[in-house]
Amino acid sequence: MNDLLRRIGTTVRQPSRTRTEEAPPRLRALLREILVEENGMIEAYRELSDTAGQTADDIWSYDWAAPRVRELADNLDWDLVYELLERYAPKPLSGLDAYDSKVNDVLAREGMAYKMVDGKIMPFDPEGEDLELDTTNPIDNEDEAYAPVRRQYQRAIDALNGRPMDPLTAIRESLNALEALGRILTGKPKASLGEIVDKLLGPAVHRRALAAALKALYGYSSTVPGARHGEHETVDIQFAEAAFVVRSAGAAIAMLLAEHRKESTEVN
């Protein structure tokens, strides 16, 4: 919201934020403004040329550089626009909040399903935020015993938050991470996820139901073309669906790890 709207206590009706994998003209104009303000017109031209993989001409004139800055920014690949916006985000405590707000205002007005948080472009996920659902890695950096699980789950997070998002990789890697943890905990390097959850969750009726839910999640991934088997057809997996799988797998990893640590403490 700009200063005028804030002062008069009103808001602009925003479009539905469903657009992805594009950088609309207003966002490209903001990028030009940021680059020129930070570097000057000639250096902005050189920065954009380098980012676009083009050789910059040896120029010294503002008037000569200005139209080329506009042309380069207008034709830059959409993901590189976001990359540059991240690159020029100021350091914390030196205008980062204002920078985030400026970028987010344009993203909202253009209906983009992205937002900038602390100088990083992330998927726009208000429902997840309202419910305090995150996609952080459940395995601590210091826990070397489960480092392979952490790396695999991190690949899922990176695919989910990528530009472009890769939902098939996010689904596959999150459930592979769950299976990997189960193999470590059971000491059975070739066990299937079904065998793992049966052993780890035990025979109690409610636990069997929980095991069935995890098996069903794994079954889901096996039926999505390209997730665990060959991509014989193209399916449209939206962010919310892929995020559900990643979050569910992460929650299961956290639960199994917490239970294992509790059991180990009680034994010792």
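Predicted model: local features only at pLDDT ≥ 70, side-chain atom pairs only at ≥ 80, totals over all residues.

Residues are numbered from 1 along each chain as its sequence is written, and side-chain values use heavy atoms, with hydrogens and water left out.

A pocket here is an open set of points on a 1 Å grid over the protein atoms alone, where a 1.4 Å probe fits, with protein on both sides within 12 Å along at least five of seven lines, and its lining residues have an atom within 4 Å of a point. The volume is the space filled by probe spheres set on the points, which are joined across faces, edges and corners.

The second largest pocket has a volume of about 180 Å³, and among its 14 lining residues Met 122, Pro 123, Asp 125, Glu 129 and Thr 135 lie nearest its centre. Two or more residues of that lining come from each of S1, S2, H7 and H12, where helices (H or I, at least four residues) and strands (E, at least two) are DSSP runs numbered from the N terminus. By class, this lining has six nonpolar, three polar and five charged residues.

The largest pocket has a volume of about 490 Å³, and of the 25 residues lining it, Thr 20, Ala 113, Phe 124, Phe 239 and Ala 240 are the closest to its centre. H12 gives the most to this lining, with four residues.

S1 (residues 114–117) and S2 (residues 120–123) run antiparallel and are joined by four bridges; strands pair if DSSP finds at least two bridges between them. Met 116 has Ile 121 as its bridge partner in S2, and in the two-residue turn of this hairpin Asp 118 has a positive phi of about 55°.

Why is helix H3 described as largely enclosed by the rest of the structure? Eight of its 11 residues are buried, buried meaning under 20% relative accessible area with a 1.4 Å probe, protein chains only. Those buried residues, including Tyr 45 and Leu 48, pack against H2, H4 and H5, with contact meaning heavy atoms within 4.5 Å.

Conventions
Buried < 20%, exposed > 50% of the residue type's maximum accessible area, 1.4 Å probe, protein only. Nonpolar A, V, L, I, M, F, W, Y, C, P; charged D, E, K, R; others polar.
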